[in-house]
Amino acid sequence: MQGRKLIVQVLIVLFTTSTAFCQTEVLKTVVNNLAFYKQKKDLKYLSNAKKTVDSLIKASSDTLDLEKNVYKAVVYTSILYIDSLNRLNQPAATFSQTSQLVDNLLANRKIYRYQIDMDYAKRCLANVYLRKAFVYVNNSDFINALQLFVGAQKYAPSFKQLNAYIAYSNHKLGNLHEAANYYAGLIDNDADGAVYAEAASSIYKSFGDTVTALAIIKKGRKVLPNDRSLLLDEANIYNNKKDYRSLNALLPALLEINTNNPDIAFVAANCYDHLNQYSKAESLYLRAIELNSSAYEPIFNLGLLYFKQSETKQEGGNDQNTARAVQWLEKANEISPNDINCLQVLQLVYARAGNKNQENRISNKLKQLNNQ
């Protein structure tokens, strides 16, 4: 998520003309102008609606009229939302004043009578906050962007995408715990759930908290069991912790969806190797080498596997495994001629085979490297 481009999503705003207002004769002009705008999309009707509602709230007694102020909120939030280029030349303070008006109205104990209209006004305001926030995002000003996203959330608390924007802004600002908490709260069964789980997990892994990271990945996989990236993340955590028994349970699914991935084949082979399932390990080391013949680790590990088998088998096959160990360890040495581990194992293999010439050759090479 940190590197992912944010996509602006807006709340659906349904233009409203309240039936309650239609019952009030004095507000018919306002209602009509809003209706005309809805039909013709001409900003002059919004301007006329504003002029009318402003003229109705002049006397001090009218400033306390709940119905008129609700409709003022509807008109003002409509203008802020629709007239994004400010062609109606509204003062800069209109945004903050309208937000305050809406807040005051929401605190009124009788506001439930105008729920539809206030829901509309809140959606409009939330979209305006979003629009302004993304201006700051595009300028990499995440301090102001975060404040505006939080402001939008006040008017649209159920709009899930806002939590993603807040998480992203916190992430950019280095507020990693806050970001991780928001990401973790967004994990559900939609397509973005995996992205949020990965983002939260990545943050906790950066803290060294693999326990929480793993819990988040498991939560993500519980709601998105077929997500490949989450499966790979969980496998990587087990692999890095050398928890091969837990990793073992994931290998069939991991291999099924990564049939041509040499790295996955190697991880699986290494896991089976540590669990002493040598036949599976051998097969997958060979598969990893087939897919990437220049990779050192699977070639070295395969040689080491044959060497271990040559030491443990009691009935025949020791010479064959010793020869295989030499074959693959020499190949690994060709790829990385100065790797100490490989040379030390080769020395042991040649000693076991009784090949003094090769044992001495490797011994001299090790002396040279140790004296450098």
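Reader: At what angle do helix H16 and helix H17 pack?
Author: Helix H16, residues 296–312, packs against helix H17, residues 318–335, at about 155 degrees, and their axes are 8 Å apart. The model is predicted: local features need pLDDT of at least 70, side-chain atom pairs count only at pLDDT 80 or more, and totals for chains, interfaces and linings use all residues. Residues are numbered from 1 along each chain as its sequence is written, and side-chain values use heavy atoms, without hydrogens and water.

Reader: Are H16 and H17 roughly parallel or antiparallel, then?
Author: That angle makes H16 roughly antiparallel to H17 (under 35 degrees is roughly parallel, over 145 roughly antiparallel, 65 to 115 roughly perpendicular, the rest oblique). Angles run from 0 to 180 degrees between N-to-C directions, and axes are lines fitted to C-alpha atoms, for helices over the stretch in contact. Helices are DSSP runs (H or I, at least four residues), numbered from the N terminus.

Reader: Which residues of H16 and H17 make the contact?
Author: From H16, the residues include Tyr-296, Phe-300, Leu-304 and Phe-307. From H17, they include Asn-318, Arg-324, Trp-328 and Ile-335. Contact means heavy atoms within 4.5 Å.

Reader: How many of them are nonpolar, polar or charged?
Author: The contact of H16 with H17 has twelve nonpolar residues, six polar and two charged. Ala, Val, Leu, Ile, Met, Phe, Trp, Tyr, Cys and Pro count as nonpolar, Asp, Glu, Lys and Arg as charged, and the others, Gly among them, as polar.

Reader: A new topic, please. How do H2 and H4 cross?
Author: The axes of helix H2, residues 28–40, and helix H4, residues 66–82, come within 11 Å and cross at roughly 25 degrees. H2 and H4 are therefore roughly parallel to each other.

Reader: Which residues meet there?
Author: Val-30, Val-31, Leu-34 and Tyr-37 belong to H2, and they meet Tyr-71, Val-74, Val-75 and Ile-82 of H4. In this contact of H2 with H4, eight residues are nonpolar, none is polar and none is charged.

Reader: And what about H4 and H6?
Author: H4 and helix H6, residues 115–138, pack at about 30 degrees, with their axes 9 Å apart. That makes H4 roughly parallel to H6.

Reader: Which residues of H4 meet H6?
Author: Val-70, Ala-73, Val-74, Thr-77, Ser-78, Leu-80 and Tyr-81 are the H4 residues. On the H6 side, the partners include Asp-117, Met-118, Tyr-120, Cys-124, Leu-125 and Arg-131.

Reader: How do the residues of the contact of H4 with H6 divide?
Author: They divide into eleven nonpolar, three polar and two charged residues.

Technical notes. Helix = DSSP H or I, 4+ residues; strand = E, 2+ residues; numbered from the N terminus.
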